[in-house]
Amino acid sequence: MRADKILSGKARDFLRGLIVAVGAGGFLAISGAFGSGGAPLTQRLLYWIPLLVLGGLWGHVCGAFITRFIDPDARPWAATAALTAVITGPLTVGVWAATGFFFEGRLLHAEALINFLPPVLLITAVLSALNVFLGRERPVETHAGAPGAAPARFLDRLPPKLRGARLIAIQSEDHYLRLHTDRGSDLILMRLSDALNELEGLEGAQTHRSWWVARDAVASVARGDGRAALTLDGGADGDLIAPVSRRYAKALREAGWW
């Protein structure tokens, strides 16, 4: 897999949210939703699509904040509820102001603000759920190099005390990566999305938004309650447990990981 084909998770999330917003805006305009059917179609399109795109941008900012505290892979409904709660208030004020200027040429009375809350809440909840559940995607897989091929570039990043060690797993910790090897573990400053670009040459896969696992390190898999976890062997500190997110479980199972 070439590096230029691996799009970062954040970029994918942003693009997906933009597409959902444009599609939803077009649907609301064509259907004349929430009493806008009396306006010409062109006017409705010019109102709904930019409004939904701006709302989507605000949602993207809120999503970056929420996912620091709630893992949408493990708790998708909690993430949807939190996104809806954080997005709705400011967005309601924005819709109230935009509607007044767009259709009346002035701000509407403040008393009208409460009337915008239910439709904004409904639209926000639907779009938040779409973005959370559509975010379940295929994991990035890396592949063993051909005979005689150069080693994976990522191995050059191993700290001196781990040079030549067998890489078992990589775990994201804030802005750092914890490298698990058969000689111990250590931290380096790097993002997992960037590391995935350099892991070609080692057979493995992303099992979770914050984990990459070497395939030959998998000793067993435990499944239960719709989730899976991999037990990895070969580590200097004993067996290591790597989580498998629900968004990746089906693809890994189909690829023969268990």
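**Entry 1: Q206**

I began with a polar side chain and found the backbone oxygen of H208 3.3 Å from a polar atom of the side chain of Q206. The model I am reading is a predicted one. I placed Q206 in strand β5, residues 204–208. Is Q206 buried or exposed? Its relative accessible area is 6%, so I list Q206 as buried. I then looked up its contacts, leaving aside neighbours within four places in sequence: P139, V140, L192, L196, W211, W212, Y248 and L252.

**Entry 2: the cores**

I looked for nonpolar cores next. The largest has 33 residues, and F154, I170, L177 and L232 have the most contacts inside it. Which elements each supply at least two residues of this core? I noted β2 (167–173), β3 (176–181), α5 (192–198), β6 (211–214), β8, β9 and α6 (246–254). For F154 I listed the contacts beyond four places in sequence: L167, I170, L177, L179, I188, M190, A195, E198 and L199. Another core, of 27 residues, lies apart from the largest one, and A29, L51, L83 and I123 are among its residues.

**Entry 3: β8 and β9**

I followed L232 into its strand pair. Strand β8 (residues 227–232) runs antiparallel to β9, and 5 bridges join the two. L232 stands opposite L240 in β9. I then sorted the residues of β9 (240–244) by face: L240, A242 and V244 are on the covered face, I241 and P243 on the uncovered one.

I checked the span of α2, residues 41–66. The helix has 26 residues and reaches 36 Å from its first C-alpha to its last, close to the 38 Å expected at 1.5 Å a residue. Its buried residues are R44, Y47, W48, L51, L52, G55, G59, C62, G63 and I66.

In α3 (residues 76–104) I looked up P76. P76 is buried, because its relative accessible area of 6% is under the 20% limit. The C-alpha atoms of P76 and R246 are 9.8 Å apart, although 170 residues separate the two along the chain.

**Entry 4: D174**

I checked a backbone angle here. Phi of D174 is near 55°, a positive value in a residue other than glycine. D174 is in the loop between β2 and β3. With a relative accessible area of 76%, I count D174 as exposed.

**Entry 5: salt bridges**

How many salt bridges does a search of the whole structure find? I have 6 on record, and I went through some of them.

D216 pairs with R166, with the closest N and O atoms 3.6 Å apart. This pair links distant parts of the chain, 50 residues apart: D216 is in the loop between β6 and β7 (218–224), R166 in the loop between β1 (141–142) and β2. D216 is exposed at 58%, whereas R166 is partly exposed at 28%.

E203 and R215 meet at 3.9 Å, N to O. Here E203 is in the loop between α5 and β5 and R215 in the loop between β6 and β7, 12 residues apart. I noted relative accessibilities of 41% for E203 and 27% for R215.

R191 and D194 form a salt bridge at 3.0 Å, N to O. R191 is partly exposed at 47%, and D194 is partly exposed at 28%.

Key: Residues are numbered from 1 along each chain as its sequence is written. This is a predicted model: local features need pLDDT of at least 70, side-chain atom pairs count only at pLDDT 80 or more; totals for chains, interfaces and linings use all residues. Side-chain values use heavy atoms; hydrogens and water are left out. Buried means under 20% relative accessible area, exposed over 50%, partly exposed in between (1.4 Å probe, protein chains only). Helices (H or I, at least four residues) and strands (E, at least two) are DSSP runs, numbered from the N terminus. Two strands pair if DSSP finds at least two bridges between them. The expected span of a helix is 1.5 Å times one less than its number of residues. A nonpolar core is a set of buried Ala, Val, Leu, Ile, Met, Phe, Trp, Tyr and Cys residues joined through side-chain atoms within 4.5 Å. Contact means heavy atoms within 4.5 Å. A polar contact is a pair of N or O atoms within 3.5 Å; within protein, one must be able to donate a hydrogen and the other to accept it, and residues adjacent in sequence count only if both atoms are side-chain atoms. A salt bridge is a side-chain nitrogen of Lys or Arg within 4 Å of a carboxyl oxygen of Asp or Glu.
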